[in-house]
Structure formats: C-alpha cells, structure tokens
Amino acid sequence: MPPHRHGSKDVASNSNGGGRKTVRFGDQELARGQGGEVHQVAGGDTPVLTTNLGTPVSDDQNSLRAGARGPSLLEDFHFREKIFHFDHERIPERVVHARGMGAHGYFESYDSLSDITRADLFQRKGEKTEVFVRFSTVAGNKGSADLPRDVRGFAVKFYTKEGNWDLVGNNMPVFFIQDAIKFPDLIHAAKQEPDRGFPQAQTAHDNFWDFISLTPESMHMIMWAMSDRAIPRSLRFMEGFGVHTFRFVNAEGKSTFVKFHWKPRLGMQSVVWNEALKINGADPDFHRRDLWDAIQTGDYPEWELGLQLFDQDFADKFGFDVLDPTKIIPEEEVPVRRVGRLVLDRVVDNFFAETEQVAFCTQNTVPGIDFTDDPLLQGRNFSYLDTQLKRLGSPNFHEIPVNQPRGCPFHNFQRDGHMRMTVNRGRANYQPNSWGQGPRECPERGFTTHPARVEGEKVRLRPESFADHYSQARQFYISQTEIEQGHIAAALTFELSKVETPAIRTRMVSHLRNIDEGLAKKVAQSLRLELPEPAPAAMPTRMDLQKSPALSIILNGPDSFRGRKVGALVSDGADAEVLKALKAALEKEGAMLKIVAPMIGGIKASDGSWIEGDEKIDGGPSVVFDAVALVLSKDGGEMLAKESTARDFVADAFAHLKFIGCSDEAAPLLKKAGVFEDRDGGVLQLASASDAEPFVAACRKLRFWERESKVKQV
Ligand code: HDD
C-alpha cells in the first residue's frame, strides 16, 4: 500500500507550501493537511510555535526532505532540535521512592511554640507557610502500581521565612535498619532480583526475606510492613512520621527532643490484600487519582502535625535508646501534641517540573530545628544531597522553581556550574572582600548547631542500647485487634509462600517465635512448616511492655464516611428516588456517589430521567469503592445476573467486607454471585429513599469486619 503522501509533489507546489487548507472549528483556527490530519495554526490567542530560540516554525508535521519522497535533510534544524530534546526527556528515576505523587498546600500553626523552638514557622499563631508534599511507594519503579504492600514516603518541604525545611518521613514511625551503611543492602534486597529483573514493586521474593531473616533489627519494622499500614486505602487516610528523634532549640539555646507525627483528618483506612491485588489491575493510579480528584473537587486533604516532646531526663529513663530508629515512643507514654495543620489545596501544573524534580534533603533544616546522633539520620544527611546531583545533574538544582526558597531571599558566593540560572552581578565572588559587596554571616539569626557534647573512641560499633530487636515488635503485635493480627499473619504467609527457599521461610518463623508464639504458630501452620527453634536473640524479649492502642488502625477508626465513595451499580428502570436520596445522604456526609452503569452513556431511571454513568461496569469494579449499592429494576437484576463483571462486582464487595445496600430486585444477582445465602448485617436494605441515611450511617464503620471469618479460611 502506498504511504500517505503528505506534501506530495503536486501538494508541494500548492501556494501555502504544505498543501494545507485553513478551516474553522469552534473558536479555533485549524489547518487540514493533505493527508487529512487536522492541526491548530497560530492566530488570535494561539501563540506562534517556535524553536527553543524563538524562530517561528512554519510546518511541524513534515520534516525537510529532498523531494517529497526523498531522503531527510540534516539541515532541518527544527527537526533536529525537537528530536534531540525528546531523546533527553528522561532523568534517572529515584533509586528508591521512584513512584510518587506531589501537591502544593500550606501549613498553619495553631500556636506560638517560641518557648521550645526558634524555628520561624512555629513563632506565630495562625501563621501560614507554603509547602510541597510528595507521597511515594518505596520499592517499585516509576511506572509501577500504587498499591503494592510497601512503605509509603511522606515528604514535606516547608518554604519558611528562614529557609526550606524538609521533613522526609514515611507512613511508619520506624525503619528496617539502624545504621545508614546498611541502606544499599536493604534496597538491593528489596528491589527486583538483579539477575532476572523481577519481581517488580514487591518484597514477596527470596532476596528480600533472605536479607530480613538475617537482620534481626528489622523485626519491628517488619511488623509494621506486614500490617495494614502497608496497604493504605488512600494517601489521605494514612499517618506520617519523621521517624528519627530530632531537636528543637529555642532562642535561649535550650534543646528539647522531638518526634514528628502527621495525623490524617479523615482517619486511617486500609484495603484488604485481595482488594489491593485487584486495584493494581483495575487502576494502577488509584492513589494518585484519588489525591488529584480530592484536591480538584475542593475536598482538600488535611493532616495535623503532632509533636512528641521530651527532655534528656525522659530519654535517660525510657526503656529504649531514643537515637535508635527502629524504636517508637508510645503515644501513651509521651502524648502527641497537635500544633498545626497541613492542607493540600493545589495540584501541580506539571508533573515533571514539580513532582519529579522536587529534591528533598534531610539536611535541609532551619534555625531552631537540629539533628540528633541517630546513625541513620546522620547517613541520610549525606545521601540525599548526593542523590540529587545524580538525578538532576547539577549542583544548581536548588534553582529549579519547586526547590527554591520562597519565603526568603538567598545569597551566597557559590557560583557557576551546569545550568546556572542566576546572573550574579558585581566583582566580588568571595568574602571577605574590600569591595563592600555581597552578603555576610549573621550570628544572631544564623543556624547554630546545638553544642551537644561528643566523646568516645573512633569505633565501628553498634551500641548495646540498640540491641533489643524483638520487644517493640511484640508490643506492636499485641496492640493490634484480633482482625489486624490475622492480617499480619496472612501477610507474612503470603510473602513467605512466594519465597522459594524453605530455609528462608523457616529462618523467618524462628524470629517470629521471639515476637509472639501465637503468631509464629499461625504462620508456621499456614506454611505447613514445623515450628523451628527461636532465633538466637541478643536480648530476651520484654514481656512487660503494655499494649499501645494508638498503634491499631481499627481501634482508631474515624467513625465517618467522609471523603469516601459509594459505587452504585444501576440498570435501566433503577429507582430514581433511591438514587437521589443516596446522593443527598452521601453529600451530607461529605462523601460521593459514583454511578456504575452497564454502558457508559447511562441509564433511563424509573421516572424517565436519564442518569449518566461515571464508569462502565468493567471499568468500575467494586474494589475502587468504599461501599456499594445495587439499585436495579427487576429486569436489570436478572440481566446483570448473567453478566460476569456484575457478579464479580458483588462477590468482591462481599469478600472485601464492604457494606452493600440493595433491594429485592438484586436477589438474582446476589444469588449468582454466591452471596445470597450468606447475607449478614453488612448487607442492608436500600429499597426506598428513607433507607439511604441509615445505609450511609452503617458505612461509617468502613468495613463489616464480622464477615471476615466467614469469607477467609486459610
Ligand atoms: Fe530515604 C528518598 C524516606 C532512609 C536515601 N527517602 C526518600 C523519600 C522518602 C524517604 C519519603 C522520597 C523523597 C521524595 O519524595 O522525593 N528514607 C526515608 C525514611 C528513612 C529513609 C523515612 C528512614 C527513617 N533513605 C534512608 C537512608 C538512606 C536514604 C538510610 C541512605 C543512606 N532516600 C534516600 C535517597 C533518596 C531517598 C537515595 C532517593 C531519592 C531521593 O533520595 O531524593 O537519597
């Protein structure tokens, strides 16, 4: 078949050079090429397309050729510039936390904290500071899915009036390792195995569990990583933590230790594992889309900043070393004081320019906030700056708009380098100088390091105070509800079932015996494994630690359906009154109704009105909703009973412990989905408008946990 002859000989002789005819389409001026393609041309508000150097471009559809069917010419500078730039569009992805989602917002202080820190952003009640936040998964590559079982990054850049402060945290308050020198090993083990290049974005493989089972200090973090915290329903429904102990320093130089917490306004919520697996297929961008949609609809995600503040006396008395990043301080021992709120109210304008190029560095701190000697933090303070140079390619990455300080000017004598944007004026590029030019130090306002005493021999030694690897792992486990404990056991079983080397499974269970005998037995049984001897422990597990209820997600549920979504599966003839009442009840709750229709064009409801679909049934499976409603006519119920996607919609909603609202018309579908006989308190009547509010009220529990033992046996 001959190729399209855009600009063929006779066309080339056409008076406008490209064989194009200009046509009007709406308000836009469009050109139609000889091959029929339509494109916009400049005019009115539409600017002229130019090269990077401003030369106007006449034809962006055809490269320059010697004759219409002849070879391309090197002379075509526009073509070469365009392809050259395209070839260099990608930069190295982050070695960890490659997949992320960012947004702009602000932090608002509730009070002045001047008695404990001189950090400018905490000095005045009601003060607002601009922020940029990037959430991320850790192990997966940039194009991986949003819902692997993984830690989530929670990095916040505060553009304060005294410089940028980066709080680069996670959604878990502890870490896998105690010393930064182990980080490359941890990450190598967690990411794809190097010989085969898989598995992607998951830790369910031999290398990860080999490393972990040989690294007892990771056991506390493993409890968190195997808990529901690792599969959040939404980035808006998870906590965040600064992890390390930091220091606040006030104007008098007095230091107070501080641990940072982020508490989500909408409460915590997670998915169940089978749901996560399916969401990754149905919508790999599930978390990104959710954050984007929430901000775009004006339902701004919000967290409160919480502080655990304590002094040296407390640190000396506390049962664990506060410099050990594998330990928490239970909230029951040092309460979390809420000091401000973080609101995300603006999506990025450009993903690459902002979310990709944002450079968080733990060492970006401000007067009044200082480091401690936590060896993980000390190592991070080197790694982040170094990694940005690799990723962004120049020491001038602070000049990229998202990284520039916004709250204050910045001046120094650093100069030049790749991609320098600033045009520094004047003769002096050093100081002191006698030209009277340039900035100078300011002892009063400048950052001063807290003069903590340091002594000791130079050694490579882990302190004995870091040696207890099991007690807090146990404390986390016993603080969970029975349901959550079951999920930890199931997660360990799932992951270890993917491990092909039996000795690694056994070694892992030997650690569990030091955490909780019941957990070890459960996992051993589920793996059909003989219970091994407990792993040798540097220190015996403390059995005296009290439960910390703050560690459970279920015990701290929001008791609200706010910010959540109901997916209503509808058919022609669906009761219009029920749908209207459901929508109203959800809006009153601050939640949303999404219509899932057999066809995207929508349905004709009982009153003859037309209701458009938000999703076609196979594009909107129940896993993407928090609860579901079946609003069907008699015929609709019978028709959808024959539709496998509709059966999956119902069967999954039931298996994932969701609240289901339905009327008798849904019976054939419930039967075909195999759940009719098992209807329980989580399947609610939604037959008339008056049922809508009670249904939404029931949904506040988020899941009908009582069902779990009936749908999950192994
Ligand atoms: Fe890290 C990225 C959080 C330990 C080295 N880390 C990165 C990000 C987050 C964290 C949220 C993504 C930032 C963004 O969105 O751009 N990392 C943590 C936490 C840790 C931690 C909470 C332990 C408490 N990290 C850690 C260690 C090292 C690193 C011990 C190295 C010694 N982390 C990096 C890095 C990354 C990074 C290689 C990759 C991309 C980047 O920095 O900007 O420097």
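**Figure 1. Strand 5 and Arg-134 in the predicted model.** Strands are DSSP runs of E with at least two residues, numbered from the N terminus. Under this definition, Arg-134 belongs to strand 5, which spans residues 128–137. This model is predicted. Arg-134 counts as buried because 23 C-beta neighbours lie inside 10 Å, the cut-off for burial being 20 or more. Beyond the residues up to four places away in sequence, Arg-134 touches Gly-100, Met-101, Gly-102, Gly-153, Ala-155, Thr-355, Val-358 and Phe-360.

**Figure 2. Positions annotated as a binding site.** The unreviewed UniProt entry gives the annotation "binding site" to Arg-94, Arg-134, Phe-183, Arg-380, Tyr-384 and Arg-391. Of these, Phe-183 is located in helix 3. Phe-183 has 18 other C-beta atoms within 10 Å and is therefore partly exposed. When neighbours within four places in sequence are left aside, Phe-183 is in contact with Ile-177 and Gly-379.

**Figure 3. The buried face of helix 3.** Helix 3 comprises residues 183–190, and its buried residues are Leu-186, Ala-189 and Ala-190. Viewed down the helix axis, these buried residues of helix 3 fall within an arc of 95 degrees, so they line one face. In general, residues three or four places apart in an α-helix point the same way, because there are 3.6 residues a turn. The cover over the buried residues of helix 3 includes helix 4 (206–213).

**Figure 4. The setting of the close-up views.** The protein contains 20 helices and 21 strands. Of its 714 residues, 42% are buried. Among contacts between residues at least 6 apart in sequence, 72% join residues at least 24 apart.

Technical notes:
Residues are numbered from 1 along each chain as its sequence is written. This is a predicted model: local features need pLDDT of at least 70, side-chain atom pairs count only at pLDDT 80 or more; totals for chains, interfaces and linings use all residues. A residue is buried if 20 or more other C-beta atoms lie within 10 Å of its own, exposed if 12 or fewer, and partly exposed in between; C-beta atoms are placed from the backbone. Helices (H or I, at least four residues) and strands (E, at least two) are DSSP runs, numbered from the N terminus. The arc is that of the directions from the helix axis to the C-beta atoms. Two residues are in contact if their C-beta atoms, placed from the backbone, lie within 7 Å. UniProt positions are given in the numbering used here, feature names are shortened, and annotations may be inferred rather than shown by experiment.
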